Amino acid sequence: MDNVCEGCLVGKQSRTPFKSHMHMRAKDVLHVVYSDVCGPFEVLLVGQNRYFVSFIDEYSRMIWLYLIKAKSDVFSVFKRFKVFAEKQSGRRLKIFQKDGGGEYTSNEFETFFTESGIQHEVTAPYTSQHNGLAERRNRTILDMARSMLKEKRLPHEFWGEVVSTAVYVLNKCPTKKLGNRVPEEIWFDRKPAVNHLRVFGSVCYAHVPDARRRKLEDKSKVMVLVGYHPTGAYRLCNPVTKEICINRDVVVNEEEFWDWRTQTAVEIKEYMW
């Protein structure tokens with residue numbers, strides 16, 4: 001570079017501009033995986049989790065999210081993710097990219113990458129744009145989570161359920177990079193079903209099995225929809241005890257939300273007036 005002026009650089013140097021669109025490097029699923037940790041959240045969950053860690057496949061845009069108690073749990077969660085994703089896809093993880101956070105740069109991480117033959121890429125300090133895919137996805141997850149909690153007036157302690165549900169929905173939604181396809185369609189090579197999706201936080205009525213009630217007891221319980229189960233059932237929260245259960249025999253009323261102060265179901269129109 002000609003005519004370098006040290007005084008000008010010291011006084012006025014700016015950052016090198018980033019490309020608005022990053023070229024996709026991945027040629028297949030698990031070729032490149034991005035990761036990022038989000039937290040701490042100010043409200044503890046029942047399991048004492050305060051963070052979540054996300055893994056995003058560049059090729060399919062598929063997201064996996066794990067709730068963790070501390071950043072030190074990232075390594076054990078990464079190993080679980082690697083085994084799970086490789087078994088599902090039949091591919092091997094080749095490149096793993098993340099920021100320079102201490103949770104990713106431990107000796108055990110480096111040793112594991114070397115032994116597994118994984119190319120380990122760490123972004124430059126203070127350059128979150130290089131880990132842009134993970135950063136953008138986490139921002140989208142949090143934006144969805146805030147909106148979903150607000151829509152049904154849910155307490156913030158449900159942040160773990162709502163971010164997990166946001167990822168569940170995002171994996172079934174198209175993105176610009178994929179055209180008319182969605183992440184699950186590319187990952188599983190089939191279109192996902194979406195007819196079971198319901199509004200998060202809605203009041204619902206869960207059937208009580210005959211074996212768990214007496215003859216004249218109610219045949220359903222009022223619950224709150226807080227997510228989905230891999231078997232196709234719904235994750236429900238008892239609004240009184242706040243216990244989570246799984247049930248497939250559910251009738252959802254999307255026009256109602258649960259008022260946690262009065263412990264009653266309220267119609268959205270009634271609340272608006």
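In this briefing, helices (H or I, at least four residues) and strands (E, at least two) are DSSP runs, numbered from the N terminus. The model described here is predicted.

**The hairpin of S8 and S9**

- Strands S8 and S9 form a hairpin, with six residues lying between them, and the two strands run antiparallel with four bridges joining them.
- Across this pairing, arginine 235 stands opposite isoleucine 246 in S9.
- The loop between S8 and S9 holds lysine 242, whose phi is near 65°, a positive value in a residue other than glycine.
- Lysine 242 counts as partly exposed because its relative accessible area is 33%.
- Asparagine 238 also has its place in the loop between S8 and S9, but this residue is buried, since its relative accessible area is 18% and the cut-off for buried is under 20%.
- Once its neighbours within four places in sequence are left aside, asparagine 238 is in contact with Met223 and Glu243.
- The C-alpha atoms of asparagine 238 and valine 224 are 6.6 Å apart in space, while the two residues are 14 residues apart in sequence.

**The largest pocket**

- Rolling a probe the size of a water molecule over the atoms shows where empty space is left.
- The volume of the largest pocket is about 1300 Å³, and of the 45 residues that line this pocket, those closest to its centre are Ser164, Tyr168, Tyr228, Pro230 and Arg235.
- At least two residues of the lining of the largest pocket come from each of strand S3 (63-68), helix H2 (74-89), H5, helix H6 (183-188) and S7.

**Parallel pairing around strand S4**

- Strand S1 (residues 32-38) pairs with S4 in the parallel sense over three bridges, and valine 33 has phenylalanine 96 in S4 as its bridge partner.
- Strand S4 also runs parallel to strand S5 (residues 119-122), to which four bridges join it, and the bridge partner of glutamine 97 in S5 is glutamate 121.
- Along strand S4 (residues 95-98), Ile95 and Gln97 point one way whereas Phe96 and Lys98 point the other way, and all of these residues are buried.

**Cysteines**

- When the whole structure is searched, zero disulfides are found.
- The cysteine sulfur closest to that of cysteine 245 belongs to cysteine 237, but because these sulfurs are 8.4 Å apart, they are too far for a bond; a disulfide would need the pair within 2.5 Å.
- Cysteine 245 is partly exposed, with a relative accessible area of 29%, and cysteine 173 is partly exposed, with a relative accessible area of 29%.

**Backbone angles to look for**

- Most residues other than glycine have a negative phi, and most peptide bonds are trans.
- The peptide bond that runs from glycine 39 to proline 40 is cis, with omega near 5°, and proline 40 has its place in the loop between S1 and strand S2 (51-57).
- Arginine 61 has a phi near 65°, a positive value in a residue other than glycine, and its place is in the loop between S2 and S3.
- Arginine 61 is buried, because its relative accessible area is 8% and buried means under 20%.

Technical notes: Residues numbered from 1 in each chain as written. Predicted model: local features only at pLDDT ≥ 70, side-chain atom pairs only at ≥ 80, totals over all residues. Heavy atoms only, no water. Buried < 20%, exposed > 50% of the residue type's maximum accessible area, 1.4 Å probe, protein only. 1 Å grid on protein atoms, 1.4 Å probe; cavity = no way out; pocket = protein on both sides within 12 Å on 5 of 7 lines; lining within 4 Å. Points joined across faces, edges and corners; volume = space filled by probe spheres on them. Pairing = 2+ DSSP bridges. Contact = heavy atoms within 4.5 Å.
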